[in-house]
Amino acid sequence: MIKGKAKFLLFFVILFLIILPLIKPPTYFLSLIFKIFLYIILSESWNLIGGFTGYLSFGHVAFFGIGVYTSAILMQNLGISPFIGALPAGILSSAVALIIGYPCLRLRGPYFAVVTLCFAFIVDLVVKNWNFLGGSEGIHLKLMEMDIQISRSIFYEIFLGLSILIVFFSRWIQNNKFGLGLAAIREDEDVAQTLCINTSDLKIKAFILSAFFPGIAGGIYAYYISYIHPDIVFDISISILIVLMALFGGGSSWSGPLIGAIILSIVNEILSLFIKPEFARIIYGGMFMIVIVFMPDGIVSFLKGERGK
Amino acid sequence: MLKGTNVTKYFGGLVAISQLEFEVKEGSIVGLIGPNGSGKTTLFNIISGFYRPEKGKIFFNNVDITRLKPYEIARLGIGRTFQIVRPLKDFTVLDNVATGILFEGETKHIEEARLKAIELLKFTGLESKKEIRASSLNLADRKRLEMTRALGIKPKLLLLDEVFAGLNQREIEEAIQLIFRIKNEMGVTIFMIEHVMKAIMKACDRIIAIHFGLKIADGSPEEVANNPKVIEAYLGSSDVTS
Amino acid sequence: MFNLIVIIQSIVSGLLIGGIFALLGVGFSLTWGVMKVINIAHAAFGLLASYIAYWGLNLYGIDPILSLFLSLPLLFVTGLFIHRFLIQHITRSKDIIVASMILTFGLAIILENIMLLAWTPDERLITTSYSSKAIFLGDIIIRISNLLGFILSIIGISTIYLFLYHTKTGKAVRATWQDPEGAALQGVNLQKVSMIAFGLAIASSGAGGVALAYMYSFNPPSHNLWLIFLFLVVIVGGVGSIMGSAISGLLIGLITGLSNAFFPMQWINVLLFGLLMVILLIKPEGLFKK
């Protein structure tokens, strides 16, 4: 719940973030925050099916990548600007989620995790071998003819907007009937059924929503990076990272992935500056273990003293 | 109200229930007894839609519900509890009950559902604990919550699976009273599986006894208690607690 | 193209590697089915044994088989510790199986990067004096190293079988699996039994790792690919079923061998992932469910 003083603070933080590009901070700094926005969007979206519903998808990066490629192809072949192309990108990702959701959501726990992981691998491999999509060469998009500072700022503001949107959307869902149903499914799917909840219906809806925003974000991101390659946009470590971020912050609440994305992105940056990547990854591995053993409900619950039951 | 014809269920090569015919009349409290493994919970799972029988049909108010999904059966008005209680652990007691009320359909908003949940909790005596996390409740309260939660969906038929197990004398007495009140004040028909013989004799109008998936008795508590086949079935096992 | 010799050769090679898949699969299936732990680090431990064997061979001239006398006990004890101090602490989670996946995932990352630091990302291969030799059955070539790996796997699977069916602890493990409450009532110390079974599974992975190292080059990220094969083997064979995993391992090896002869490399992986997805979606309990 957001109380009076916090609302005030939040307003100023958001205002500050909006104005930030105008005071011309170093590009590196702006890029870092941009990356944080990306992970907020991805992990909050993931959390709709993962944390809220309890179906941990380990291949979620696939929806992001599908979004990237959709808008890239539309740009390359039809000249459609990715700012417009992002919408069909999101819709296509949702459509894919709908199609594979029906069979996959019948599986529980580990089976669902493995099948979504397979799905992501398959999409990655298919794209790599499909020449229409650029194959393993990737796609090069023409850059916008604009000052780089200005274009970076535009992307920044768009992603800021998307982040705010997904966070509020997630919060809205958590507190309405749909979210309550998802939470019931997470707690005990059989019991949820005995309470008149059409679990298949809710799960599919959550899955589609969780794919839509990464699709849109991917659509915009295509233009940001302008060189698209499967290794970049279907990178499994992105899937893994967003799961960790959501779980670290606490999956059952809208605030979890937000906190997780911010903290872990910053930690990631600091680590990559000072230590070897292998050591950084060892620390990540350790974090997975620490989170699941000591704070299975996320860091916020842990700090509040709400232990496991 | 509830009728089963020729209900047969296999698990792999094992027969769990065989050609079972049973009926539960509206407004009654019917008991289902039998030694462990005789197929009682299996039958409940079939009625509530979690299992599909290989043969036979289940009718609820003359509607064939055999092939319906569990949530559809719940919407038709059959509620159930589970043998090993399954509270929604992270939910408060209030929300455990409010969820069913909300999804039953008549109530449109969460806040309205929560208000109705409070009324229901008052009826079953859990109102003072409504803000407590379900995981913190003791066994007797969890069982009470399980029943309250099932009542949230406005059931016409309530399937109770061993609600007395693990309760002491006093708690059993309270539970029996609650069940009577549910039947009399809310007009809910009750079909209950039980092992605690004294309790089931007291609570039920009729008792059905099954053994190895077959029906061996069907009648008033006195008739069933004196039925030689029933006595024989139970002599072999040590799970009669009275 | 459809040369009979090529086909038979593929079948033989496929079966030989299938034996190793079987061994790795049995250990993976054991922890999943019996202890409800999906050990994402299973293949990583196997890889560790491969590196120890490689190390022993290249630094001290010790035959890889002998290195097992070091790595097997080491892995067994490591398994005991991991179970006792990590796995036994995630019982608070709502879904223990998924929690175990996340826990062992972290472990796998740690192992992989320790190996990266210790041995660099370079590909390694175990080459002994006999590994290039082969025996000939007509036109069919059977490399000594492949045969050795296969024999190692047979020994490993037999050991696990003997443990489960002919030792007191092993029988206790099976009892726990079938009826945890009943077993506990009969005085079985669940924790101790699980620890030992886990240690055994990890050790068996070590044997499998060494066997694989004879046949294929490896580097730290290799365990990821092995793991996908393991999921395929165990899901097809049915979680917890020793016989199922063994047969399924041979089957997957066979399919891999045959595919190698007919499909280009990249598509084999797609084929396998696709197969895994299809099996999961159609028959997640496996083809050999008891």
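**Helix H8 of chain C and its surroundings**

Let me start with H8 of chain C: 23 of its 26 residues are buried, so this helix is largely enclosed by the rest of the structure. One thing to keep in mind throughout is that this is a predicted model. H8(C) runs over residues 190–215. From the first C-alpha to the last, the helix reaches 38 Å, close to the 38 Å expected at 1.5 Å a residue.

How confident is the predictor? For chain C, the average pLDDT is 85, and 96% of the residues score at least 70. For the complex, the predictor gives an ipTM of 0.90 and a pTM of 0.89.

Next, the core. The largest nonpolar core has 264 residues. Which of them touch the most other members? Those are A:Ile41, A:Cys118 and A:Ala217, together with C:Ala197, C:Leu230 and C:Leu276. H8(C) comes back here, as the element that gives the most to this core, with 16 residues. As background, nonpolar side chains in soluble globular proteins tend to be buried together.

Take C:Leu276 from that list. Leaving aside neighbours within four places in sequence, C:Leu276 is in contact with C:Phe231, C:Leu232 and C:Ile235, and also with A:Cys118.

That brings me to chain A. The secondary structure of chain A consists of 14 helices and two strands. A compact globule of 309 residues would have a radius of gyration near 19 Å, and chain A has 19 Å, so the two agree. Along the principal axes, the C-alpha atoms of chain A fill a box of roughly 55 × 45 × 40 Å. Of the 309 residues in chain A, 50% count as buried.

Last, the contact between chains A and B. Chain B puts in 21 residues, and chain A puts in 18. On the chain B side, the elements giving two or more residues are helix H2 (70–76), strand S6 (78–80) and helix H3 (93–104). Which of these gives the most? That is H3(B), with five residues. By class, the side of chain B that touches chain A has ten nonpolar, six charged and five polar residues.

I can take questions now.

Note on methods:
Residues numbered from 1 in each chain as written. Chains lettered and ligands numbered in written order. Predicted model: local features only at pLDDT ≥ 70, side-chain atom pairs only at ≥ 80, totals over all residues. Helix = DSSP H or I, 4+ residues; strand = E, 2+ residues; numbered from the N terminus. Expected span 1.5 Å × (residues − 1). Buried ≥ 20, exposed ≤ 12 C-beta atoms within 10 Å, placed from the backbone. pLDDT = per-residue confidence, 0-100. Contact = placed C-beta atoms within 7 Å. Nonpolar A, V, L, I, M, F, W, Y, C, P; charged D, E, K, R; others polar. Rg over C-alpha atoms; globule rule 2.2 N^0.38 Å. Core = buried A, V, L, I, M, F, W, Y, C linked by C-beta atoms within 7 Å.
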